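User: I'd like to go through this one label by label and check what backs each of them up. Can we take it as questions and answers?

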Amino acid sequence: MSQKRFLRYFKIVARHLTVLFLGLVPLAGQGPQPASRHETVIVTGFFEPIPLEDADRPVTLVDAKSLELLSGSLADFLRLEPSVDLRERGANGTQVDVSIRGGTFGQTLVLLDGFRMNDAQTGHHNLDLPLPLEAVSRIEILRGSGSTMYGSDAVGGVINFVPTKPKLTEARLRGAVGNFGINQQSAVLSFVRGDFTEQFAVSRDFSSGFRPNRDYRNLAIFSSTSIPTPWGSTRV
């Protein structure tokens, strides 16, 4: 074998030995591997009621005392809030679309005691609630995005109608008549026995219209029952 071929073979063998040595050195220094650990992280988001003065969100609160001064429908009060835009197709809150601060009616969430009332199919007429004005305790209006807590349909804001919780057994009746065949009746019946409370409210509002094809008829029925149990209070 010539000297050149010997040197060439020697370089090839030396190169392979060097690669093999460098590959074995890390394996020799690692030692036994610890057992893999799988850790599960659960993230939950929730909110708790806080006093209005401690809230860092732009919230308008209307209590029952202000509502007692009104007659008609829930839309009559909301129209007085500058940030709320109402588009009615009839008098006294008939087929109302509501939006807040330039958002659309599909971007404003309406809640009844925390329960979503938006029409998931059309998003229209979200103020067609089975809740007479006499059965409302307060109205909470969140101006600005509420999507962090409520989802994408609360980009414009949130309106929450909170029903009253009766404090004594009573019956309240109201009636009204007016032009264009307006006829309104409402009744609220409350029953209290210890921690058990029951409230039943019904309202009826109809009119022959100020012109042909402008008649309407609204009927709302609402019931709320609070039953004490050993595990807490159950509401139906």
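User: What makes the sheet with the order β8-β9-β10-β11-β12 an open one?

Analyst: This is a predicted model, and in it five strands pair antiparallel in that order. The ends are β8 (170–177) and β12 (232–235), and each of these edge strands pairs on one side only. From one strand to the next, the twist averages 10°.

User: How do you know that β11 and β12 count as paired?

Analyst: Pairing takes at least two bridges between the strands. Four bridges join β11 (residues 216–229) to β12, so the pair qualifies. The two run antiparallel, and I227 stands opposite T234 in β12.

User: Why is the contact between R79 and E88 called a salt bridge?

Analyst: The cut-off is 4 Å from a side-chain nitrogen of Lys or Arg to a carboxyl oxygen of Asp or Glu. The side chains of R79 and E88 meet at 2.0 Å, N to O, so the label holds. A search of the whole structure turns up six salt bridges.

User: And what makes R79 and E88 partly exposed rather than buried?

Analyst: Buried means under 20% relative accessible area, and exposed means over 50%. R79 has 43% and E88 has 30%, so both land in between.

User: What does the salt bridge between R116 and D153 tie together?

Analyst: The closest N and O atoms of R116 and D153 are 2.4 Å apart. R116 lies in strand β5 (residues 115–116) and D153 in the loop between α4 (147–150) and β7, so the pair links parts that are 37 residues apart in sequence. At 43% relative accessibility, R116 counts as partly exposed.

User: How do you know that R138 and E140 form a salt bridge, and are they buried or partly exposed?

Analyst: Their side chains meet at 2.9 Å, N to O, which is within the 4 Å cut-off. Relative accessibility is 32% for R138 and 25% for E140, so both are partly exposed.

User: Which residues have the most contacts inside the largest nonpolar core?

Analyst: Those are L78, L127, I139 and F161, in a core of 25 residues. Elements giving two or more residues to this core include β2 (84–90), β3 (94–100) and β6 (136–143). The largest share, four residues, comes from α3.

User: What makes the group with L109 and L111 a core of its own?

Analyst: A core is a set of buried nonpolar residues joined through side-chain atoms within 4.5 Å. This second set is separate and has five residues, among them L109, L111, L142 and V158.

Conventions. Residues are numbered from 1 along each chain as its sequence is written. This is a predicted model: local features need pLDDT of at least 70, side-chain atom pairs count only at pLDDT 80 or more; totals for chains, interfaces and linings use all residues. Side-chain values use heavy atoms; hydrogens and water are left out. Axes are lines fitted to C-alpha atoms, for helices over the stretch in contact, and angles run from 0 to 180 degrees between N-to-C directions. Buried means under 20% relative accessible area, exposed over 50%, partly exposed in between (1.4 Å probe, protein chains only).
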